[in-house]
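Thanks for coming, everyone. Please have the viewer open, and I will walk through some places worth looking at.

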Amino acid sequence: MRKHLLALGAVFVLSPLMAQKIGVINSMSGPEAPIGENISNGIKLAEEDLIKKGIHVQLVWEDDTGKPQISMSAMEKLATRDNVAGVVGPYTSACSNAVAKLAEKYRVPLLIPAAAKEEITRQGLKHVFRMNAPADRYASSLIDAALGLGKPKSVAFIYENTDFGTSTSKTAKEYVAKKGIQVVADEPYPKGAADYRSTLAKIKSKNPDLVFMVSYVADAILLMRQSKEVGLQPQAFLGGGAGFTTAEFAGERAISEDVISCTQWTDDVNWPGAKDFGKRYKARFGKEPTYHAACAYESMMIMAETARNAGGDREKTRAGLKAGNWNGIMGPVRFADYDGFTNQNNHPMLVQQIQGGNYETVFPAPFATRKAVYPFPKWK
Amino acid sequence: MTKTLLNAAAFLLVLGALLVLPRYMDSPYALHMMILLFLSISQGQSWNILGGYTGQHSVGHAAYFGVGAYTTMMLMQARGVAPWIGVWAGVAAVVVVALVIGSICFRLRGPYFVLASIAVAEIMRLSAINLTGLTNGAEGILVTDLPAFKIGGRVITDFMTKVPFYYIGLALALLTLAVTWGIERSKLGYYFQAIREDQDAAHSLGIHIALYKNIGLVISAVLTALAGSFYGIYVGFVDPPTVLGLDLSVQIMLICIIGGMGTLYGPVLGSLVLVPLSEALRSNMVTDLLVKSGLVSADSKVGIFLKENLAHAHVLLYGILVVLVILFMPEGLMGFLKGLTSRRRKEAV
Amino acid sequence: MAVFMQSLISGILIGGVYALIGIGLTLIFGVMRVINFGHGDILMVGMYLTYILFTFAHIDPFVSVLISFPLMFLFGGFLQKVFINRVLNAVAQNQILLTIGLGLIMSNTVMLIFTSDYKIITTSYSSSTIQVGGGVSVSWPLLVSFLITAAITAALYWFLLKTDTGQAIRATAQDRDAAQLMGINVKRMSIIAFGLGSALAGTAGALISPTYYIFPQVGSVFTLKAFVITVLGGMGSVVGATLGGVLIGITESMSAAYISSGWKDVVVFVLFLLVLLLKPSGLMGKSRT
């Protein structure tokens, strides 16, 4: 009898210590891997911090190689074979959109850290939550910043012809129409193209006030280099993609100076722990984190805590995510229903500009640390 | 005589087992793997007809897969057309596409044919990306809610579980096997293989080369398109790189190369190797197995390296497998197995 | 007018680099009738070699060509001797698959070592330009690449025309059996041809690296382009590949400017099909299947 009581007691004492199984879907190989790496690293840091808080997680990592159908396979596996309490990820918009429906079908709470495509949280899916601000914010924050600094009348779009590039620029085109800015060029390019010079020359001949670009890192650098070569001189270069927010891009001093971009997070924003996170990440992984790392970190922290409080039950975890609010390195987080979005964290986008090789937040006013340089100075 | 009886018995036994499998295997993940297997077999068998039997090695078969997938999905999304009707539109479309492609590519031989088939598939993929009004471009088409399948007012299935997809996949794989079997035993098969062995000699024997090449292509294309439509409705998402990409064309070819071209069961063998291997590597099964069996300790340097990298390395292993097969087993697994049995027979004598 | 001139000039310059890739491929096909689907991945290896030399030994990419050329030659020779040699007489698609397999091994091994991170080489002159008036600018590193390519092409032509080995290679390309009967060691010619082709691909990689970016999957883009160029120019013709490269460079550039960036690759492929159908021997090639 005593043995049984002892065992029972042990279970009660130990159950909070029992590891919660949480799935992670990420692009760890394939073309999206360079940014996917940030997400993995952010999650790893979260794992450590969770242990310090006494929360043990057992992570099940799934590589979707950047392909939506593999992402779906991975979700199937996590939902039906690994019996996870919840899933954090995936990374790309295409993968996230594909996996969202599955999450709803299998009733697994899914917390998407950094995917841009708006549609994902516009489908009324109760089990799908998103940490980051969606693509419409990318567009609106950049355009509003530009409108706050000058009177641009025309815009040229150049973007990679992937899901991410196309959907982000589509939203942006709708927004500029509302604001009365005319689209004078619309150029999707295939990823991996070496030479944008003729396209940029064509854009230059249209004399746009703004050039809105959606690209990842390597293309971003080449686009700017060749813009300089060709002598494209708009009032502002607006970088609406992840490529324009990385340390690598900023490091290309000759071509990145004064480029305006939007981001979900910087390390000098006044959210609790943001600065420390940046330092820790750099010390641990040898490079600056992108906003994806911060989004992933906070997503994992929130998911793990909520799952723990729910004892690993999926419906309770879902309810916990819906009801909770947190304040961490991503600032205040609450998954709300508004404007046709479901379970969307109403996250403010930060607009930054590279000044002196550093990212300085210039918009919106509550977060701005510096004044923006506008219009874009003449190429030297 | 007994050999054919034995073969037939073995086939029926396996078929019977496959038919009742879903009763005993209710894990959706396992069913998913079987469906992937059936899909791979269908793709391989379809290609085999043109590539293996007729000797026209197309590296652009994704074009037909994509036409099937996109037609079905586009009709479902734009007009709510049920997939079992949309599939036939896909077939009609692909016949037209195949005849056009054939008229371009069949004038060329050997490596030039290969290059042309790639170019055509790439043109289709790029067009799918650019014609956003039609195909939704790079964003792809996502339709995950399927209408319920009714016969005479009675609902047969509402596609909520994987089981209906399992049976559709099985039926498709069996169809491709049946068509291949039929071709093997018919005059058509003779003509195809004559063209493969020596096109000029076949021509001089009075075989209408262009006609039979195109017949082979159309059959192959239709079956591939059916597989494409099936893929579309099962996965629920199609985009240009996935269903029209060069990677897919290469993968389809790979199934036959590894299994053995121009043989009835080659693509089946090839699929049995590739599908589980690919999934085992991609998920962490192999590493987990090594750790569980005690061969590798989870904390050792080797263990950690494997854990972090083996999943990414599955494509590398693909490449190694391809090189090994081409160098040492150019007839594929079927050829290898045949070699074994014939040797045994020689030894018995 | 400025758009036209800008497109034309950048098309010609990048065409020069394409030409180098095409020349390597055409040599390999001409001599061995092998369709090398790993050609782009060999270029990728050349790029990474350049990157290593630049990052760790601080050798300028253009200067490092002197080192990467012989190294890539040896690498190509190795590939030929150990792998390609065994399939010289096999069916075309076996050759294709073998080279695809080798390409996959190359790109994924590099990915495991260097990760998929895009690497960019930034030199002091990476965004330097020369203004030629009328608002048209010429990229300085591209211009240098073009000049080096021209020099290499000239040297190659001299090699093939004037040296014994070069003539032996041409003989092997023209008629393998006859060449063998004439006492030429065709096996050795194959190794040299593959080595040379690889060296040229690797060098093209080195020459592009100041103006492009480096990542493990960069090969596939260039492999297809290389094929279009060689067919356009005529399989086996060095001059043809040069012309083909420049032509494709201009076509791409103009298509991007006057049609759209999205369709430019389609234009190239359609052109490719037209050539295959109307004049399969290409611009300079002799009619031979």
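Start at C:Val63. Is C:Val63 buried, exposed or partly exposed? C:Val63 counts as partly exposed, because its relative accessible area is 46%. Here is the scale: buried means under 20% relative accessible area, exposed means over 50%, and partly exposed is in between, with a 1.4 Å probe and protein chains only. C:Val63 lies in helix H3 of chain C, residues 61–82. Helices here are DSSP runs of H or I with at least four residues, strands are runs of E with at least two, and both are numbered from the N terminus.

A word on the model before we go on. It is predicted: local features need pLDDT of at least 70, side-chain atom pairs count only at pLDDT 80 or more, and totals for chains, interfaces and linings use all residues. Residues are numbered from 1 along each chain as its sequence is written, chains are lettered from A and ligands numbered from 1 in the order in which they are written, and side-chain values use heavy atoms, with hydrogens and water left out.

Next, the interface of chain A and chain C. The two chains bury about 2900 Å² between them, 53% of it on carbon and sulfur atoms. Buried area is the accessible area (1.4 Å probe) that two parts lose on being put together, summed over both. Which elements of chain A give two or more residues to the side that touches chain C? They are helix H2 (33–52), strand S7 (182–189), helix H7 (197–205), helix H8 (217–230) and helix H10 (253–256). H8 of chain A gives the most, with nine residues. In total, the contact takes 37 residues from chain A and 34 from chain C. Contact means heavy atoms within 4.5 Å.

How many salt bridges are there between chain A and chain C? The count is zero. A salt bridge is a side-chain nitrogen of Lys or Arg within 4 Å of a carboxyl oxygen of Asp or Glu. Polar contacts do cross this interface: nine residue pairs, both at pLDDT 80 or more. A polar contact is a pair of N or O atoms within 3.5 Å; within protein, one must be able to donate a hydrogen and the other to accept it, and residues adjacent in sequence count only if both atoms are side-chain atoms.

Over all chains, the salt bridge count comes to 29. Take a few. A:Asp82 meets A:Lys77 at 3.2 Å, N to O. Both of these residues are buried. A:Asp195 meets A:Arg197 at 2.4 Å, N to O. A:Asp195 counts as buried because its relative accessibility is 7%. A:Arg197 is buried too, at 2%.

In chain B, B:Arg125 and B:Glu122 pair at 2.8 Å, N to O. Both lie in helix H5 (residues 110–130), three residues apart, about one turn of the helix. B:Arg125 is buried, and so is B:Glu122. Elsewhere, salt bridges that share partners join A:Glu48, A:Asp49, A:Lys52, A:Arg280 and A:Arg284 into one network.

Now the backbone. A cis peptide bond joins A:Gly89 and A:Pro90, with omega about -10°. A:Pro90 sits in the loop between strand S3 (86–88) and helix H4 (93–106) of chain A. Another cis bond joins A:Tyr374 and A:Pro375, with omega about 0°. A:Pro375 is in the segment after S15 of chain A.

Last, phi. A:Asn343 is not a glycine, yet its phi is positive, about 55°. A:Asn343 lies in strand S13 (residues 341–345) of chain A. A:Asn343 counts as buried because its relative accessibility is 0%. B:Asn136 also has a positive phi, about 70°. B:Asn136 lies in the loop between helix H6 (132–135) and strand S1 (141–142) of chain B. At 27% relative accessibility, B:Asn136 counts as partly exposed.
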